[in-house]
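Dear colleague,

I am passing on the structure below, and I would be glad if you could look through it with the notes that follow.

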Amino acid sequence: MQDLKRNKRKMYNKQISNMKAKNVAPIVDVEEDLTEFDRGCKNKTEKNSCGCANENHHETEVNSGHYGGGNNVAPTSFNCQCTCTPGSIAGEQCQPCTIESNQCQSNSCGEDCCCPIDVEYSTKNTRPVAIEVERIYDAIQFQIFTDATAPDGEPLYFDCEVAEVKGRVPSSGYANIKIDEVCMNYSSIEVIPGCIGVDDFEVVEVEENSPCDTEFSYVVCPERNAKCCAKCKGQSVSYKQKGLTAIVNDLVLELRGHCGCTEVVAYAYPAIRRIGGNLCRVDTIEFRYNTLSARICCPSNGKSFELEQDYDVNLTVDCIAKAYISAEPCGCECDCECDFNLEIPSGIDLICCLQEEVSVIVEEQIVVLGASGAVNPRVVDTFANVCTFPSCGAGN
């Protein structure tokens, strides 16, 4: 309709121009033309910029020309402004705004799994390359465990506190509880390697370790063994480790069990026994291991080597055979809340299993087959290749 109205205006103006060219006064029926424009604007349902169907429209005159007053010249153009005014005319309401589009795409998110860079090697694209690497000369592994102690090696006890009871408990006497699960809750485990000795060689720690480290490195300066070196063999030396300790911070054991159909949840806090038999809770517990000793093979040429220790720890609890629960005398046959006591006659035996791997690392020159080209990373380009980088240089 807009194109049709524009064509009408062009034709109308062209006729006026032809009449002016012939010096003939135009005869225009203003009311008839206004009725035609008004009819064309009001009777056509159009959409404004927000996609709302407009029923109520009005026309606005663009130029400053007026009808009447002896001036019979019609305006050169009209601007049909469509507005949406709900309830302005009885029985006419604006249609709700709708958005329609044919350009749709799926919401693609990254997958949880990915594939690493995989380079295909063959005799065509590889060549021998001499490089320096660190090689494992020898390695031994210790698998040990020990019981928990309080700080300073004091005997460790557990202060039990019943947290939840779902069901009935006898109001008098004790009831047997079967412990089904023991859950470990702690903030951190710190490993202290202790003192390291390799025969009478000089052993120096590479750097100061942080509490969360599980790998420790040392530099060992050995002596040359001419007999083993002449045979192109390594020399067997004694490895000893004293004072190995694991410290667990903020430990709380969660005991889950049942008594018939009654479910019980209790917490066990590490504690020490003071004078008078009272238990005092502690924040840390220790696992102190005996001296570790074994034979290890190191180079016999007298060159220094690196000694690496890698630790893996795991907490566990030995069997809790018997446990009893009792209620405070408050008449627990009713539905009131009562206090309960949990007793474990044999105590809780907390164990820390530790696995330590000791490796002798030496530096050697080896020849390998390598690709002549570098690995091509995936380029993440924001908009366009604005910056260019050289194909050769320090970064390639």
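Over the ring of which residue does the charged end of Arg-273 sit? The ring is that of Tyr-157, with the charged end of Arg-273 4.6 Å from its centre; a charge is taken to sit over a ring if NZ of Lys or CZ of Arg is within 6 Å of the ring centre and within 35 degrees of the ring normal. Arg-281 likewise lies over the face of Tyr-269, at 3.9 Å from the ring centre.

Please bear in mind that this is a predicted model, in which local features need pLDDT of at least 70 and side-chain atom pairs count only at pLDDT 80 or more, while totals for chains, interfaces and linings use all residues. Residues are numbered from 1 along each chain as its sequence is written, and side-chain values use heavy atoms, with hydrogens and water left out.

The chain has three helices and 23 strands (DSSP runs numbered from the N terminus, of at least four residues for helices, H or I, and at least two for strands, E). Of its 396 residues, 27% count as buried, where buried means under 20% relative accessible area, exposed over 50% and partly exposed in between, with a 1.4 Å probe and protein chains only.

A search of the whole structure finds three aromatic pairs (rings of Phe, Tyr and Trp, the last by its six-membered ring, with centres within 6.5 Å; planes under 30 degrees apart count as stacked, over 60 as edge-to-face and the rest as tilted). One of them joins Phe-216 and Tyr-311 edge-to-face, at 5.6 Å centre to centre and with 75° between the planes. Because Phe-216 belongs to strand E12 (residues 215–221) and Tyr-311 to strand E20 (residues 305–317), this pair ties together parts that are 95 residues apart in sequence. Phe-216 is buried at 2% relative accessibility, and Tyr-311 is buried too, at 5%.

Thr-146, in strand E5 (residues 126–147), is buried with a relative accessible area of 17%. Leaving aside neighbours within four places in sequence, Thr-146 is in contact (heavy atoms within 4.5 Å) with residues including Phe-287, Arg-288 and Cys-352. A polar atom of the Thr-146 side chain lies 3.4 Å from the backbone oxygen of Arg-288.

Finally, there is an open sheet of three strands in the order E7-E21-E22, with antiparallel pairing (two strands pair if DSSP finds at least two bridges between them). Strands E7 (175–176) and E22 (340–343) stand at the edges with a single partner strand each, so one side of each is left without a neighbour in the sheet.

Note on methods
Polar contact = N/O pair within 3.5 Å; in protein donor to acceptor, adjacent residues only side chain to side chain.
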